[in-house]
Amino acid sequence: MALLRLLISPTTAAILMVMGLLSACTVVVDEPRPRPPIRPPQMCTMEFAPVCGERGNRLRTFPNACNARADGFRVLHRGECRPDFRPPVEQACTREYAPVCGERGRLRRTFANACVARADGFRVIGAGECRRGDGPAPPQQFCTREYAPVCGQRGGRLRTFPNACEAGAAGFRIVHGGECG
């Protein structure tokens, strides 16, 4: 130890002593992680205005948008979920010119090709440009949200609607009152 004192200056010895003292006083504290705030349950009306919601890769139909959001789903569109529906995905289309007529709601428009029409959210209704005789789509029918279920038929397909007006607006003939069996 005496030999060590001769080699180390008094200042260096003091620093080493303080460092040894501080390293002995180190304390590790485990603090609990903050929890996310607890949200009160969402209160929703019983209004019947069906929407299609998505969470992850799962689609589900809800009676209204409030119910969808309360269950953690993102509302994609009004109406029931359809197995063939997925939200539009960024799509790369060729510059090929093969015109098609596309329809979205009451709007009809000519596109360079089917890919471009679908990428814009239009449904292809025919090859070639839209003609003047095509005109706008039939006017949209507005219905009340009354819940009086009916069974409608179009072709060989049966489907339950919330009321007769909704069935007629979708082009279905009413088979009987109540849900389809």
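Which hand does the link of C101 and C130 have, right or left? The model examined here is predicted. In this model, the link of C101 and C130 is right-handed, with 100° about the S-S bond. The sulfur atoms of C101 and C130 are 2.0 Å apart and form a disulfide. This pair links distant parts of the chain. C101 belongs to strand β4, whereas C130 sits in the loop between β6 and β7 (150-154). The two cysteines are 29 residues apart. Their surroundings can be described through accessibility. C101 has a relative accessibility of 3% and counts as buried. C130, at 22%, counts as partly exposed. The cut-off matters here: buried means under 20% relative accessible area.

C101 also takes part in a sheet. Its bridge partner in β6 is G126. Strand β4 covers residues 100-104 and pairs with β6 in the antiparallel sense. The pairing of β4 and β6 runs over 4 bridges. The sheet is open and has 3 strands, in the order β5-β4-β6. Its pairing is antiparallel. Strands β5 (107-111) and β6 (123-127) form the edges, and each pairs on one side only. On average, neighbouring strands of this sheet are turned by 30° against each other, direction ignored. In general, strands of a sheet pair through backbone hydrogen bonds, either parallel or antiparallel.

The disulfides were then considered as a set. The structure holds 6 of them. With the bonded cysteines of the protein chain numbered in sequence order, the pairing reads 1-3, 2-4, 5-7, 6-8, 9-11, 10-12.

One of these disulfides joins C52 to C81, with an S to S distance of 2.1 Å. The link of C52 and C81 is right-handed, with 105° about the S-S bond. C52 lies in strand β1 (residues 51-55), and C81 lies in the loop between β3 (74-78) and β4, so the pair ties together parts that are 29 residues apart in sequence. C52 is buried, at a relative accessible area of 0%. C81 is buried too, with a value of 19%.

A further disulfide is formed by C93 and C115, whose sulfur atoms are 2.0 Å apart. The torsion about the S-S bond of C93 and C115 is about -75°, so this disulfide is left-handed. C93 is placed in the loop between β3 and β4. C115 is placed in helix α4 (residues 114-119). The pair therefore ties together parts that are 22 residues apart in sequence. C93 is partly exposed, with a relative accessible area of 28%. C115 has 18% relative accessibility and counts as buried.

The surface was also examined for nonpolar groups. I15, L16 and M19 form a nonpolar patch there. Together, these residues have about 310 Å² of accessible area. M19 is placed in helix α2, which spans residues 10-24. Its relative accessibility is 51%. M19 therefore counts as exposed, since exposed means over 50% relative accessible area.

Terms used: Residues are numbered from 1 along each chain as its sequence is written. This is a predicted model: local features need pLDDT of at least 70, side-chain atom pairs count only at pLDDT 80 or more; totals for chains, interfaces and linings use all residues. Side-chain values use heavy atoms; hydrogens and water are left out. Two strands pair if DSSP finds at least two bridges between them. Axes are lines fitted to C-alpha atoms, for helices over the stretch in contact, and angles run from 0 to 180 degrees between N-to-C directions. A disulfide is a pair of cysteine sulfur atoms within 2.5 Å. Buried means under 20% relative accessible area, exposed over 50%, partly exposed in between (1.4 Å probe, protein chains only). Patches are made of residues with over 30% relative accessible area and no salt bridge: like charges are joined within 9 Å, nonpolar side chains (Val, Leu, Ile, Met, Phe, Trp, Tyr) within 5 Å. Accessible areas come from the Shrake-Rupley method with a 1.4 Å probe; for residues, only the protein chains shown count as cover. A salt bridge is a side-chain nitrogen of Lys or Arg within 4 Å of a carboxyl oxygen of Asp or Glu.
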